[in-house]
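Subject: The structure to look at

Hi,

Here is the structure I promised to pass on to you. Have a look at it first, and then read on for what turned up.

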Amino acid sequence: MTINDLKLKLFELGINNEYFSNGKTDNQNNKVFIEKNENPTWTVFYRKSDEDYSDEIFGSEHEACEYALEKLKFFATATVDVEAVAAFMLKVKPEDLSKTKELLKNIGVIHFWKPSRGGGSVLINPKGEALWSASAIPLKRQIKDFLEGVRSKYDPAQFPLNLK
């Protein structure tokens, strides 16, 4: 997949192109960016509140576009600010989560974790459904519980999605 293929796929899926940019020249927030580096690698990152959160570096345009597509599908359907929810549940600042998250594309959730001892982790889907688990709970168990419908209670209205 190339960047042009990605743009076509976004159109086919009905995902607004405003969520995507290829290069740092665009300085808007709440977008997934793909940038070609000087060496033959590609970086996929997300910009929020004028800060770039670098997610992954890939060896090919195809891999970067595939990953970006999964992130775009997630963010295009999000109804809450998932990073704010994770920060609330993990009792950290949202910017502290930039290096401790991963998209689990096979189940459509983002996994956030607090790396310190006793920190815990949170799984959140685009609808804002979340499951917090203590650090002693293995991720496989947390995923199993999430897939079985176990959720943590919180008020999603506290975390509106701000697309400004």
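The protein chain exposes about 9200 Å², and carbon and sulfur atoms supply 51% of that area. Please keep in mind that this is a predicted model. Of the chain's 164 residues, 45% count as buried. Among contacts between residues at least 6 apart in sequence, 40% join residues at least 24 apart.

To find your way around, start with the secondary structure. The chain has 4 helices and 8 strands. Reading from the N terminus, the order of the elements is α-β-β-β-β-α-α-β-β-β-β-α.

Let's begin with helix α1, which covers residues 3-13. Which of its residues are buried? They are Ile-3, Leu-6 and Leu-10. These three cover an arc of only 50 degrees around the axis, so they sit on the same side of α1. Just after α1 comes Gly-14, with a positive phi of about 75 degrees.

Next, take a look at Thr-43. This residue lies in strand β3, which spans residues 42-48. Is Thr-43 buried or exposed? Its relative accessibility is 9%, and buried means under 20%, so Thr-43 counts as buried. The side chain of Thr-43 also makes a polar contact with the side chain of Asn-37, at 2.9 Å.

Now for a sheet. Four strands form an open sheet in the order β5-β6-β7-β8, with antiparallel pairing. The edges are taken by β5 (101-104) and β8 (130-133); each has a single partner strand, so one side of each is left without a neighbour in the sheet. On average, neighbouring strands of this sheet are turned by 15 degrees against each other, direction ignored.

You can follow the pairing strand by strand. β5 and β6 run antiparallel and are joined by 4 bridges. Lys-101 has Phe-112 in β6 as its bridge partner. The hairpin of β5 and β6 has 4 residues between the strands, and in this hairpin Gly-108 takes a positive phi near 70 degrees. Strand β6 (residues 109-113) also pairs with strand β7 (residues 121-124), in the antiparallel sense and over 4 bridges. Here Phe-112 turns up again, with Val-122 in β7 as its bridge partner.

Helix α2 (residues 61-77) lies across β5, β6 and β7, and runs at about 90 degrees to β5.

The other one is helix α4, made of residues 139-147, whose buried residues are Gln-142, Asp-145 and Phe-146. They cover an arc of only 100 degrees around the axis, which puts them on the same side of α4. What covers these buried residues? The cover includes β6, β7 and β8. The face of α4 turned away from its buried side carries the exposed residues Lys-140 and Leu-147. Just after α4, Gly-149 takes a positive phi of about 95 degrees.

Enjoy exploring, and write back with any questions!

Best wishes

How values were computed. Residues numbered from 1 in each chain as written. Predicted model: local features only at pLDDT ≥ 70, side-chain atom pairs only at ≥ 80, totals over all residues. Heavy atoms only, no water. Helix = DSSP H or I, 4+ residues; strand = E, 2+ residues; numbered from the N terminus. Buried < 20%, exposed > 50% of the residue type's maximum accessible area, 1.4 Å probe, protein only. Polar contact = N/O pair within 3.5 Å; in protein donor to acceptor, adjacent residues only side chain to side chain. Contact = heavy atoms within 4.5 Å. Areas by Shrake-Rupley, 256 points an atom, 1.4 Å probe, with all protein chains shown as cover. Pairing = 2+ DSSP bridges. Axes fitted to C-alpha atoms, helices over the stretch in contact; angles between N-to-C directions. Arc of directions from axis to C-beta.
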